[in-house]
Amino acid sequence: MISVGIIANPKSGKDIRRLVSQGRFVSNQEKVNVLKRILSGLIATHVDEVVMMPDMDMIGKAATTDISNDLKIRHLDMSVFNNESDSTKASKLMREIGVGCLITLGGDGTNRAVVKELGNIPLIPISTGTNNVFPKMIEGTVAGLAAGVVASESLDIKKISSRANLIEIYLNNQLADIALVDIAVSKETFVGSRAIWDMDSVHEVFLGRSTPASIGLSAIGSQLCPSLPGDKSGTHLIIGKGGKSVIAPIAPGMIRSVDVLDSFRMPVGEKVNIDLRPCTIALDGERSFSLSDKQTAYVLINDKGPIIVSVEETLRQASTACLFRNDSQPENS
């Protein structure tokens, strides 16, 4: 059976950064529309079953009520708490079911929660969050087509995907959490509103990727130590005066001059200690927990992150292989 999982976060695209920047608001109705377009692509590629995460806003139900063909829709039997644990639990259940590909609708935080239990399921992350670096703006229809091709195993997954880096944070020598894009050490002592948007509060940043077209903290690193998806390294920035100053879009519509005292390349597996106390730790743009004087902490880059599908390359190779040809006969070249 060809199956595809879908995790759509109803809370993505609605955090405090919309009050301090020009971040877009993605309504749940728009997410329903995106889901419907994804389903059209899955139907066209003859997917047998779609497994969906339930949610309190019922966007999954709304998107699937008028499915009229033989596509089977399965809503996971799980408790819903309306927080990131829902995405992590759904990811675990889909891995156990054995879906052939997973599509997410959300931001960096949503995908961070999903990746914790994803295993080796190929992932297509669609952006519906705020400062998104990990997921991309992808038309739902073509994302559905690509997911169907991946789930059917019609192409060699190694030729249409790449492994992403993870940033791991260890407390007292035990893995405490992960990030997909950045870990920031904040001078704030309380988690508060969670979202990181004031650079005056940031002491240092660890980046798993930093491309010039990024937005958020990773945009700062791209001006000093750029690293592309697939690179076997990350970036460590010490924020402060006395070094270099860069112009970076730290939030939608919010471009700032940021002073960087120093920057370093972080090879895979190299441990970097966090010495500031007291402080809070932000994972992919949101403060998550505090560090006390009694805790030791360090960060490292792991290159065994999730398998990210290239939608463009998948559809290019599907076209070359005539997967969307009714006659299934390749032209002579």
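Q: Which residues point one way from E4 and which the other way, and are they buried or exposed?
A: This is a predicted model, in which local features need pLDDT of at least 70, side-chain atom pairs count only at pLDDT 80 or more, and totals for chains, interfaces and linings use all residues. Residues are numbered from 1 along each chain as its sequence is written, and side-chain values use heavy atoms, with hydrogens and water left out. Strands (E, at least two residues) and helices (H or I, at least four) are DSSP runs numbered from the N terminus, and buried means under 20% relative accessible area, exposed over 50%, partly exposed in between, with a 1.4 Å probe and protein chains only. Cys101, Ile103 and Leu105 point one way from E4, while Leu102, Thr104 and Gly106 point the other way, and all of them are buried.

Q: Why do side chains sort into two sets along a strand?
A: In a regular strand the side chains alternate, so neighbours along the chain fall on opposite sides, and the two sets belong to the two faces of the sheet. E1, spanning residues 3–8, has Ser3, Gly5 and Ile7 on one side and Val4, Ile6 and Ala8 on the other, and these are all buried.

Q: Which strand is joined to E1 by five bridges?
A: Two strands pair if DSSP finds at least two bridges between them. Ile7 stands opposite Thr104 in E4, and Ala8 has Leu105 of E4 as its bridge partner. The five bridges run in the parallel sense, and the strand that they join to E1 is E4.

Q: Which residue in E2 is the bridge partner of Val4?
A: Strand E2 covers residues 49–52 and pairs with E1 in the parallel sense over four bridges. Within E2, the bridge partner of Val4 is Val50.

Q: Which residue in E5 is the bridge partner of Leu105?
A: Strand E5, residues 123–127, pairs with E4 over five bridges in the parallel sense. In E5, the partner of Leu105 is Ile126.

Q: How many of the eight residues of H5 are buried?
A: Helix H5 takes in residues 108–115 and is mostly covered. Its buried residues include the charged-type side chains Asp108 and Arg112, along with Thr110, Asn111, Ala113, Val114 and Val115.

Q: Which are the edge strands of the open sheet with antiparallel pairing?
A: This open sheet has four strands in the order E8-E7-E16-E13. Strand E7, residues 166–171, is joined to E8 by five antiparallel bridges, and the partner of Ile167 in E8 is Ala179. Each edge strand pairs on one side only, and the two are E8 (174–179) and E13 (272–273).

Q: What radius of gyration does the protein chain have, and why does it agree with a compact globule?
A: The radius is taken over C-alpha atoms, and the globule rule is 2.2 Å times the number of residues to the power 0.38. The C-alpha atoms fill a box of roughly 65 × 50 × 40 Å along the principal axes. Because a compact globule of 333 residues would have a radius near 20 Å, the chain agrees with its value of 20 Å.

Q: What share of the residues of the protein chain count as buried?
A: The protein chain has eight helices and 17 strands. Of its 333 residues, the share that count as buried is 53%.
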